[in-house]
Amino acid sequence: MAKTPHKPLVWLPACHRHLDLSDPGGYTVLADRYAAAVTALGLQPVLFPMAEVDDVPALLPLVDGVLLTGSPSNVEATHFGATALPTDLLDPRRDKLTMRLVREALACAMPLLGVCRGLQEINVAMGGSLYQQLHDQPGLMDHREPEHEDLEVQFAERHEVLLEPRSAFAEWAGSTRAFVNSLHGQGIKRLGEGLVAEAHAPDGLVEGVRVMGAPAFAYGVQWHPEWRHEDHPFYERTLQAFAAACRKHCLEKSGP
Amino acid sequence: MSAATPVPNVWVVASHRILQSPSGHQQMYTVMDEGGHRTLLNMGLQPVCYPRVLPQRVEGLLEGIDGLLMGGSDTNVHPHLYGEEPARDEFEFDAERDALVRQLIEVALARRIPVIGFCRGSHDFNVAMGGSLHQWLRDRPGGVKHWEDPEEGLEEQYRERHFVTATPGGALERIAGASRFKVSSLHAQGVNVLGSDLVAEAHADDGLVEAFRWKDESLFAWGFQFHPEWNWRVHPVYGRIMNAYVRACWERMARRLGSDGSPLQALVA
């Protein structure tokens, strides 16, 4: 087969929404900053619009990594034995796809990175649960972004995370502490099976996880490393580690 | 893992638009209308989209692609691309799509990859071939109403609104099995000067070009002002058009994979 200089491919499961409240149409959307970050890493983002659970086994071998993005929508609480709040924005199609995608990606040693909603998807897919409103929990901070501010303000670093010594997180940060942005209403409550908490907010919330014994890169972060990653060494090294795993996967797949 | 039976991959061209989040921030999104995807999936094809693709990657990625689909959008092709200034302030543009489709169409035609464009997608095709657009059909005399009413529901907006006449003895008449039929119409702009190497195949009664193809009929490369992807199951002409496109995608996949060609039964009688 000819050389394929466009690889590695990274599958970004899309979101489904209306463009605005008055728009009746169904749309498949992806926030551009994720695609821009993947492209900046030298990888090629790919979307499989309207992919369903049963398509996962056919589509996964086509790619070299999976990036679960953040989203304004929440993982529906029924996936962890609770009831969705009336205020929750939901995306049941994405939930359905990613619950299986997480498990299949891990099973076939596909590099996996979850960001924000993506971290929560990994946790729930592994049997964990979420706080539905962190700001209502005694002792926990409000982790949401300030409303109606510029993006620069909303995505500014908001709190510290404490990183497990000798973890990959500490290596990427060059320290056991780092400052991160924070734009989420849900957060990890019960940790999913096989996940190791390696980054915590000062209030104790799990903000970074590793999949124990995963045969390839498999991490989730509650913050957004794709935001201004080129100016933020911790974010950049996180993404570069994911990219290196995707390249490795691509090389091993094509074989000698 | 069992090897899945290959199906044609169709590159669905996305739009790029600024959307609002619940917390009030606005960000750029890659946006795809699901109408086209649903049709592709229902017809057994795999929609694929490569966001933020760099120009130097387009050719390599198209090697694995069996069809190009350019759908509608609320954005317009930028009039600078056909030497005009925007006629109205409220027009929204999409420079990323403008640039990408030119390259996609050029490579697709050279590599004999089937192309289908609906509505804005047909405008993309026409402008890429050097054509121009009427920017505001409401200013054009002729008496045919080409635009939808914003208050209407989606089904109503996509209903068949006016007749078109296929060129007698032309390729569309053969594909559609009809010479005059009613089509949907949800557009503010339309083909003005038809691009080089394009052949008009159907017109509205006011003379507007409603369907055109690339000069080489042996490659399926068409632009439609109407939406054959919408309700193709109940509209025989739409069904036959989509069927012809799908067949062309299967044939391209067979060539790409070096097989003898998967015989495909007509999906629509």
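The bridge partner of A:Thr28 is B:Met32, a residue of strand E3 of chain B, written E3(B). This residue pair belongs to a predicted model, in which local features need pLDDT of at least 70 and side-chain atom pairs count only at pLDDT 80 or more, while totals for chains, interfaces and linings use all residues. Residues are numbered from 1 along each chain as its sequence is written, chains are lettered from A, and ligands are numbered from 1 in the order in which they are written.

Strand E3 of chain A, residues 27-31, pairs with E3(B) in the antiparallel sense over five bridges. Helices (H or I, at least four residues) and strands (E, at least two) are DSSP runs, numbered from the N terminus, and two strands pair if DSSP finds at least two bridges between them. In general, the strands of a sheet pair through backbone hydrogen bonds, either parallel or antiparallel.

Which strands make up the open sheet of four strands, and in what order? The order is E2(A)-E3(A)-E3(B)-E2(B), and the pairing is antiparallel. The edges are formed by strand E2 (15-17) of chain A and by E2 of chain B, each of which pairs on one side only. From one strand to the next, the twist averages 45°; angles run from 0 to 180 degrees between N-to-C directions, and axes are lines fitted to C-alpha atoms, for helices over the stretch in contact.

Within chain B, E2(B) and E3(B) run antiparallel and are joined by six bridges. There, B:Ile18 stands opposite B:Met28 of E3(B). Two helices accompany this sheet. Helix H1 of chain A (residues 32-40) lies across E3 of chain A and across E2 and E3 of chain B, running at about 90° to E3(B). H1(B) packs on the sheet as well, where it touches E3 of chain A together with E3 of chain B, and its direction makes about 35° with that of E3(B).

## The contact between the chains

How many residues of each chain take part in the contact? On the side of chain B there are 35 residues, in contact with 36 residues of chain A; two residues are in contact if their C-beta atoms, placed from the backbone, lie within 7 Å. At least two residues each of the side of chain B that touches chain A come from strand E2 (15-20), strand E3 (26-33), helix H1 (34-42), strand E4 (46-48) and helix H2 (55-62) of chain B. E3(B) supplies the largest share, seven residues. By class, this side of chain B holds 19 nonpolar, 11 polar and five charged residues. Ala, Val, Leu, Ile, Met, Phe, Trp, Tyr, Cys and Pro count as nonpolar, Asp, Glu, Lys and Arg as charged, and the others, Gly among them, as polar.

## Helix packing in chain B

H2(B) also meets helix H3 (residues 95-111) of chain B. Residues B:Pro55, B:Val58, B:Glu59 and B:Leu62 of H2(B) meet B:Gln103, B:Leu104, B:Val107, B:Ala108 and B:Arg111 of H3(B). This contact of H2(B) with H3(B) has six nonpolar, one polar and two charged residues. The crossing of H2(B) and H3(B) is right-handed: a crossing is left-handed if the near helix is turned anticlockwise from the far one by less than a right angle, and right-handed if clockwise. The table lists this helix pair together with the pair formed by H3(B) and helix H4 (residues 120-128) of chain B.

| Helix pair | Axes come within | Axes cross at |
|---|---|---|
| H2(B) and H3(B) | 10 Å | roughly 35° |
| H3(B) and H4(B) | 9 Å | roughly 70° |

From H3(B), B:Val101, B:Arg102 and B:Ile105 meet B:Asp124, B:Phe125 and B:Ala128 of H4(B). Four nonpolar, no polar and two charged residues make up this contact of H3(B) with H4(B).

## The sheet of chain A

Chain A has an open sheet of nine strands with mixed pairing, in the order E4-E1-E5-E6-E13-E12-E11-E8-E9. Strand E4 (44-46) and strand E9 (177-180) of chain A are the edge strands, each pairing on one side only. The twist from one strand to the next averages 25°. Helix H7 (residues 233-254) of chain A packs on this sheet and touches strand E1 (9-11), strand E5 (65-68), strand E6 (112-115), E9 and E13 of chain A; the direction of H7 makes about 145° with that of E5(A).

Chain A comprises seven helices and 13 strands. Its radius of gyration is 17 Å, close to the 18 Å that the globule rule gives for 256 residues, so chain A is as compact as a globular protein of that length. The radius of gyration is taken over C-alpha atoms, and the globule rule is 2.2 Å times the number of residues to the power 0.38. Along the principal axes, the C-alpha atoms of chain A fill a box of roughly 60 × 50 × 35 Å.

Chain B comprises seven helices and 13 strands. The radius of gyration of chain B is 18 Å, close to the 18 Å given by the globule rule for 269 residues, so chain B is as compact as a globular protein of that length. The C-alpha atoms of chain B fill a box of roughly 55 × 50 × 35 Å, taken along the principal axes.
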